[in-house]
Every structure is written in C-alpha cells, then in structure tokens.
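Q: I would like to go through this structure with you before planning my reading of it. Could we start with the overall picture and then look at individual parts?

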Amino acid sequence: MSARLLKISDDFWNIRGSFKVGGVVDIGTHASLVRRASGKFVLLDAYTLDGDAQRELDELTDGGAAIEAILNLHPFHTVHVRRAHERYPDARLFGTARHRTLFPELPWEDLVTEDSRLHEMFAGEFEFSVPAGVDFISSNEHIHFSSVLVMHRDSRTIHSDDTYMVYRLPGPVRKLGLDDRLSFHPTLARALEKRPGAAEEFRRWATQLNERWGDAQTLCAAHLAVLQAGEGDGGSLRERMVKALQKVDRTLQRHSNKYG
C-alpha cells in the first residue's frame, strides 16, 4: 500500500501508511500532520514518506522547515522514529518513556508525551488523553493497547493509535446491512492492570472520553481505517464510542470479579 495524505480539514491531514504483520498482512499504520494557528505544523507520530506523498507534505510545510514538533504517541510504534527525526532534524522531538529508552542517542525534549505538562504546552489546539486502568507500557511487548490519544479541536478529529480500532468491512458485506465497527484493541483484557479497581478506572475513563470528545467528526485509527460521523449506518462517533465500551463490558466485569 502506497502512503497517501488524506485531507480531513484545511488544517489536518492523516497520513495512511503500510505496516505488514509478519511481512505479509498489511494492516496499515498512520501519522497525522496538523497546521497550528501560527502556521507551523506538528506531526502526530512518525511515518517515512516517499514519492507523491512526500512531495505533497513538503509543499505544505516548506520542505519540512515549518514542522516545529514531532510527537510520538505510542510506546510500541517505533519503526519510523529515527528516520522522521533525520528527515526533520530541526523539529522538537518528543516521545514516550519507551522511545527515550530505545533511542537514547536522539535529541529528545525533556517532557514525555504521556506527561500532562506536555499536554498543557499544546492545550490551545489539542486535547490529550491517556487511558486509565491499563498498563501504558506493558512488560509484554505483544500488548499494544495503550497510547496517548489526541483530539484536534478545530477539525474535531481524534488521532488514535492502537487504543481504538476501526474495522472496515468489504463493500459486498456492507450491502448486507453490516457496518464498519469501532472497537477497543483486542488486547484490553491483558492490558488491564492486575489490581483492584483497574477495570472501573478504565470504564470511567472511557465514559468521560465519550462525553468530552463525543462531538468529534472523524476518528483516525492507526491500523485499518478512518471513521467519520454519519458514515455507514449514519451514527455519530459518540454513539459508536459508547457501543465500543458496551462491547467490552464482559471483559471489564470478569476483571473486576477476579481482582476487585
């Protein structure tokens, strides 16, 4: 799959890229380019572009000179981190604690992206949220549930890595009345912290997010697809986010039964 820039609004572009599981099945990956009120740009996550997509991004950002910061938001999304910095060496480089550990030679800014103080730095245009009740950086490297989610308020667009997944069904299946699904990443059960109250903390976090960000019009998920309000069955993103939480109710209940 060739990388492409998907224009969400006049100031928000979602970069759709390729990521193959086992080198075979392409589930895709993403980053987002956002123009701030100052005219400068921020990259949410990193992806290595080439061809037409690279030329388009360069035209938007004065060859990359207008990119002022790269915010790496998922501790286990690391493939393109070094190359993004090499491509835009003057952009301030932010990452999670795991990024800093994996690439200690890179010129990281002091604040990590999961830190609320960083969120305050960009609060004029972005809102940030870190899932509660789950391991942010799991000791099991196969559990990629948690990430820093970002809402770009002007475009009402949510940028999510693995936490939310959009499952886009093939056209013939959709004609049968089945619709695209918004779900939490399937590793939730293993990502929940093994302690009393963790499941309820996650439920409360998700419920509050549904209220705070329920007016979003677009959700850009790292893998598989982008979902827009009114698409498919016409439901709002708030309705879909509520359904996503309902679908994991048994998972949360089982965890509460076991750990309290």
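Q: What share of the residues in the protein chain is buried?
A: This is a predicted model. Of the 260 residues in the protein chain, 52% are buried.

Q: And how many helices and strands are there?
A: The secondary structure comes to nine helices and 15 strands. Among contacts with a separation of 6 or more, 58% are between residues 24 or more positions apart.

Q: Let us take strand β5. How many of its residues are buried?
A: Strand β5 covers residues 29–35, and six of its seven residues are buried, so the strand is largely enclosed by the rest of the structure.

Q: Which strands pair with β5, and in which sense, parallel or antiparallel?
A: Strand β2 (residues 12–17) pairs with β5 in the antiparallel sense over six bridges. Strand β6 (residues 41–44) also runs antiparallel to β5, joined by four bridges.

Q: What about the turn of the β5 and β6 hairpin: how many residues lie between the strands?
A: Five residues lie between them, and in this hairpin glycine 39 takes a positive phi near 95 degrees.

Q: Changing topic: how many aromatic pairs does the structure hold?
A: It holds nine aromatic pairs. One of them is formed by tryptophan 13 and phenylalanine 41, which are tilted at 45 degrees between the planes, with 6.2 Å centre to centre. This pair links distant parts of the chain, since tryptophan 13 is in strand β2 and phenylalanine 41 is in strand β6, 28 residues apart.

Q: Are those two buried or exposed?
A: Tryptophan 13 is buried, with a relative accessible area of 4%. Phenylalanine 41 also counts as buried, at 1% relative accessibility.

Q: Which rings are linked into a cluster?
A: Ring pairs link Phe145, Tyr164, Phe184, Phe202 and Trp205 into a cluster. Phe202 and Trp205 are also among the buried residues of helix α7.

Q: Tell me about α7, then. How many residues does it have, and how far does it reach?
A: Helix α7 (residues 198–213) has 16 residues and reaches 22 Å from its first C-alpha to its last, close to the 22 Å expected. Its buried residues are Ala198, Ala199, Phe202, Arg203, Trp205, Ala206, Leu209, Asn210 and Trp213. They cover an arc of only 160 degrees around the axis, which puts them on the same side of α7.

Q: Why would residues three or four places apart in a helix point the same way?
A: An α-helix has 3.6 residues a turn, so residues at that spacing point the same way.

Q: Which side chain makes a polar contact with tryptophan 205?
A: That of serine 129, at 2.7 Å from side chain to side chain. Serine 129 is found in strand β9 (residues 126–129) and is buried, with a relative accessible area of 4%. Beyond four places in sequence, serine 129 touches Ser147, Val148, Leu149, Trp205, Leu209, Arg212 and Trp213.

Q: And what does leucine 252 contact?
A: Leucine 252 lies in helix α9 (residues 249–259) and is buried, with a relative accessible area of 0%. Leaving aside neighbours within four places in sequence, leucine 252 is in contact with Leu188, Leu192, Ala199, Phe202, Arg203 and Leu245. The C-alpha atoms of leucine 252 and alanine 199 are separated by 5.2 Å, although the two are 53 residues apart along the chain.

Q: Back to the other end: which residues of α1 are buried?
A: In helix α1 (residues 51–60), these are Ala53, Gln54, Leu57 and Asp58. They cover an arc of only 135 degrees around the axis, which puts them on the same side of α1. The face turned away from that buried side carries the exposed residues Asp52 and Glu59.

Q: What do the buried residues of α1 pack against?
A: They pack against β1 (4–9), β2, β5, β7 (67–71) and α2 (81–87).

Q: Last one: where is histidine 77?
A: Histidine 77 is in the loop between β7 and α2. It is buried, with a relative accessible area of 18%, under the 20% cut-off. Its side chain makes a polar contact with the side chain of aspartate 162 at 3.1 Å.

Terms used. Residues are numbered from 1 along each chain as its sequence is written. This is a predicted model: local features need pLDDT of at least 70, side-chain atom pairs count only at pLDDT 80 or more; totals for chains, interfaces and linings use all residues. Side-chain values use heavy atoms; hydrogens and water are left out. Buried means under 20% relative accessible area, exposed over 50%, partly exposed in between (1.4 Å probe, protein chains only). Helices (H or I, at least four residues) and strands (E, at least two) are DSSP runs, numbered from the N terminus. Two strands pair if DSSP finds at least two bridges between them. The expected span of a helix is 1.5 Å times one less than its number of residues. The arc is that of the directions from the helix axis to the C-beta atoms. A polar contact is a pair of N or O atoms within 3.5 Å; within protein, one must be able to donate a hydrogen and the other to accept it, and residues adjacent in sequence count only if both atoms are side-chain atoms. Contact means heavy atoms within 4.5 Å. Rings of Phe, Tyr and Trp (its six-membered ring) pair if their centres lie within 6.5 Å; planes under 30 degrees apart count as stacked, over 60 as edge-to-face and the rest as tilted.
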